[in-house]
Number of protein chains: 2
Amino acid sequence: MTTSTRETRIVSDPDVPLVRITREFDATPAAVFRAHTEPDLLVRWLGPRGLETRVDGWDCRTGGSYRYVQSEDGEEYAFRGCFHDVRPGELIVQTFTFEGMPDAVALERMAFEELPGGRCRLTCTSLVDSFEGRDAFVASGMEVGVVQGYERLDEVLAAG
Amino acid sequence: MTTSTRETRIVSDPDVPLVRITREFDATPAAVFRAHTEPDLLVRWLGPRGLETRVDGWDCRTGGSYRYVQSEDGEEYAFRGCFHDVRPGELIVQTFTFEGMPDAVALERMAFEELPGGRCRLTCTSLVDSFEGRDAFVASGMEVGVVQGYERLDEVLAAG
C-alpha cells in the first residue's frame, strides 16, 4: 500500500548546525528534479504564495551558478549560489546566500529518492557554521515558505 | 614592533564540525590572495613537498569553479569545487571535494586580513556536516600538507 503523505517535516539537527527538510511527492524523482532545475518550472512554485520569482541567472550543472529575485509588494529579495554537484534525477549540492546578508552562506544538499508507486522522497539539508545562524533561519518564517512552496510544487507536478 | 610569527594553527571547533586554520605571512593580503587565485602561483605551493599539482580547470570568480590534480609516485588525487564568493584581496568562499569521496563536501572560507607592516593574516575555515567527518579529515595527515604548503607559500611570496 502506498501512503500518500504530504507532510513537510522540518527538523533542526541536535548535534550540528543543520536543518533537515523531508517531503514526499506523487511524482517520480526525475519529475521532481526537473521542477528544481528548469527555471520555467521553478518560478511556478518556489517560495510562499504571493511572492513572484524571477530567475536572473541559471546554469544548473556541476560547477555552474544561479541567481534569482523574489518580489512582493514592491520589495525585492535576491538569492544566489553555485552548484557544487548536479546529478540528474538524484542530487543537487549547492551553496546559498541571501544577498541582504552576503556573509552568511549555507551548504545545501537535495536528495531525490525513489519510493514505490512512482513517488519521490525529497530530503533537503542546509548546513551553516553556527547554531545561532541556523536557529535564526528557522525562526525567520522559512517554514511558511517551504510548506506553501511544496504545496505549489504538488500543483505543478499534477499539471504535468 | 612587528612579530614575524609563521606558526600554522589548526584548531577543531568544539561546538560545530569545523576546522579553523590561521597563518600569518610577510606579504600583503593582495599578494597572498594572488598566490591563491593565479594557477601558475598556486601549483608552486599547494600541498606538501614532493606532491605535484596540475590545475585542470580554473575559473576563479564568484560563480566559477575549479579542479586540480595532485600526483605523487604515480598516484593521482583530484579535487574540485565551485567558487561561491571571490572578493579580490579579501575573501574566497568555495566548496571542496576530494573526488575519491564524492559525497563528502566541505564549505571553505578564506579571509585575508591586513596586519601592520604590510603583512597578512590568513584564516581558513572548513565546515562539514558531521564531527566524524571533520575529525577524520584532521586525522588524515592534512596537517603536514597545510604546514608544508604554507612554508612553500612563504618561498613563493619571498621570490616575489
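Modeller: Contact means heavy atoms within 4.5 Å of each other. The model is predicted: local features need pLDDT of at least 70, side-chain atom pairs count only at pLDDT 80 or more, and totals for chains, interfaces and linings use all residues. Residues are numbered from 1 along each chain as its sequence is written, chains are lettered from A and ligands numbered from 1 in the order in which they are written, and side-chain values use heavy atoms, without hydrogens and water.

Colleague: Which residues is B:Arg134 in contact with, leaving aside its neighbours within four places in sequence?

Modeller: B:Arg134 is buried, with a relative accessible area of 6%; buried means under 20% (1.4 Å probe, protein chains only). Leaving aside those sequence neighbours, B:Arg134 is in contact with B:Ser12, B:Asp13, B:Val16, B:Pro17, B:Leu18, B:Val19 and B:Val128.

Colleague: How many residues does chain B give to the contact with chain A?

Modeller: Chain A and chain B bury about 2000 Å² between them, buried area being the accessible area (1.4 Å probe) that two parts lose on being put together, summed over both. In chain A, the residues that lose the most area are A:Arg80, A:His84 and A:Leu107, together 26% of what that side buries. Chain A gives 30 residues to the contact, and the number from chain B is 29.

Colleague: How many salt bridges are counted between chain A and chain B?

Modeller: A salt bridge is a side-chain nitrogen of Lys or Arg within 4 Å of a carboxyl oxygen of Asp or Glu. A:Asp85 forms one with B:Arg80, where the closest N and O atoms are 3.8 Å apart. The count between the two chains is 4.

Terms used
Buried < 20%, exposed > 50% of the residue type's maximum accessible area, 1.4 Å probe, protein only.
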